[in-house]
Amino acid sequence: MIRIAAVGDVHLGEDARGRLRPALEQLGERADVLLLAGDLTRHGTVSEARVVADEFGGLDVPVVAVLGNHDHHDDKPDEVTAVLRDAGLTVLEGQTTTISVDGHTLGVAGVKGFGGGFAGKCGSVFGEPEMKAFIRHTTEIADSLRGALGSLDTDVKVALTHYAPIPDTLRGEPPEIYPFLGSYLLGEAIDDNAPHLAVHGHAHFGVEQGMTPGGVRVRNVAQPIIRSAYTVYCVEPAVVEV
Amino acid sequence: MTAEQYLAARLRQALAEDPRTTELGVRVTVRGDHVLLSGDVASPERRAELEAVIHDVAPELTVLDDVKVVPSEAPVGREEIR
């Protein structure tokens, strides 16, 4: 069994330094990996990234993160990423990472994701340059997620995003803002590869549990949803029939 | 009613864009002379900052603060994904 801890939207800054750390010590007794589903900072500044690095660096399990929209606000995603990587975190944007757990392998493919809306109620690459750029950004990220997931050859596969791949986990948010909370293109990329689990954040008023049209379990781990420092999902690697 | 909707929209925008708050996860409801805030923030300081920003935009409003600081303890259970 692979134990996957996850949390998103911790929105750390100097004023929140150390709030999560007590719950993260000895995380290895409860989990094999910690996934961070973006919005790690408030404004995406390098100084806030250092707080995140101190909070999640040096844990007794590997930490795998994607950035969120807040982590882009100061227009320094590369610098933020570098600070987190220097602290030993793995930061994914279209890449994958593989972790060995008790003879099994866990593969994580991660992207920030973006908005656009859900099937039948979404934007398209049409009209003004701003609109085309908006949806094109989502399309490129979804393609990048599809490629990353497809490249994994591990016993257990997990998709990690900040934005939501399905509308189910947004229930509680105003439907009018769904196009800013996620995109079905992410869900389609996930269903094309059928990972064991898809984890996202971003929607503070949504719900934890949902499922893609293809049957992949989706979990919204935004901290205001899970109401704890992290939550843990246990996935049993497929038994190989001989 | 219409004025209240525009005011609520201005307050929401202020909470999202003011560097003191940058909170997108706080609900803002205007009812007459009162504004109700609800949702979660990451620290006690941020609750106070919400009220400060609201006061700057609409000093005439009384704030009813139902915002919580999100719990940061270790979880109780875990879920088996099948």
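Two strands are said to pair if DSSP finds at least two bridges between them. The model is a predicted one, and what follows should be read with that in mind.

## The sheet of chain B

In chain B, 3 strands form an open sheet in the order E1-E2-E3, with mixed pairing. Strand E1 (26-31) and strand E3 (62-69) of chain B stand at the edges, each with a single partner strand, so one side of each is left without a neighbour in the sheet. From one strand to the next, the twist averages 10°.

Strand E2 (residues 34-41) of chain B runs parallel to E3(B), and 8 bridges join the two; within this pairing, B:Ser38 stands opposite B:Asp66 in E3(B). Helix H2 (residues 44-57) of chain B packs on the sheet, where it touches E1, E2 and E3 of chain B, and its direction makes about 155° with that of E3(B). Helix H1 (residues 2-17) of chain B lies across E1 and E2 of chain B and runs at about 150° to E1(B).

## Parallel strands in chain A

Strand E9 (residues 156-161) of chain A pairs with strand E10(A) in the parallel sense over 3 bridges, and the bridge partner of A:Ala159 in E10(A) is A:Ala198.

## The nonpolar core

The largest nonpolar core has 93 residues, of which A:Ile4, A:Ala6, A:Leu34, A:Leu35, A:Leu145 and A:Leu160 touch the most other members. When residues up to four places away in sequence are not counted, A:Ile4 touches A:Ala31, A:Val33, A:Leu35, A:Val158, A:Leu197, A:Val232, A:Tyr233 and A:Val235.

## Where the chains meet

Contact between the chains involves 26 residues of chain A and 19 residues of chain B. On the side of chain A that touches chain B, helix H6 (223-226) and strand E13 (231-235) of chain A each supply at least two residues, and the largest share, 5 residues, comes from E13(A). By class, this side of chain A has 13 nonpolar, 8 polar and 5 charged residues.

Strand pairing also links the two chains: E13(A) and strand E4 (residues 79-81) of chain B pair in the parallel sense over 3 bridges, with A:Cys234 standing opposite B:Glu80 in E4(B).

## Two loop residues with positive phi

Most residues other than glycine have a negative phi. A:Gln26, in the loop between helix H1 (21-24) and strand E2 (33-37) of chain A, has a positive phi near 60°. A:Gln26 counts as exposed because it has 12 C-beta neighbours inside 10 Å, the cut-off for exposed being 12 or fewer.

A:Asp75, which is not a glycine either, has a positive phi of about 60° and is placed in the loop between strand E3 (63-66) and helix H3 (77-86) of chain A. With 8 C-beta neighbours inside 10 Å, A:Asp75 therefore counts as exposed.

Definitions and conventions:
Residues are numbered from 1 along each chain as its sequence is written. Chains are lettered from A and ligands numbered from 1 in the order in which they are written. This is a predicted model: local features need pLDDT of at least 70, side-chain atom pairs count only at pLDDT 80 or more; totals for chains, interfaces and linings use all residues. Two residues are in contact if their C-beta atoms, placed from the backbone, lie within 7 Å. Helices (H or I, at least four residues) and strands (E, at least two) are DSSP runs, numbered from the N terminus. Ala, Val, Leu, Ile, Met, Phe, Trp, Tyr, Cys and Pro count as nonpolar, Asp, Glu, Lys and Arg as charged, and the others, Gly among them, as polar. A nonpolar core is a set of buried Ala, Val, Leu, Ile, Met, Phe, Trp, Tyr and Cys residues joined through C-beta atoms within 7 Å. A residue is buried if 20 or more other C-beta atoms lie within 10 Å of its own, exposed if 12 or fewer, and partly exposed in between; C-beta atoms are placed from the backbone. Axes are lines fitted to C-alpha atoms, for helices over the stretch in contact, and angles run from 0 to 180 degrees between N-to-C directions.
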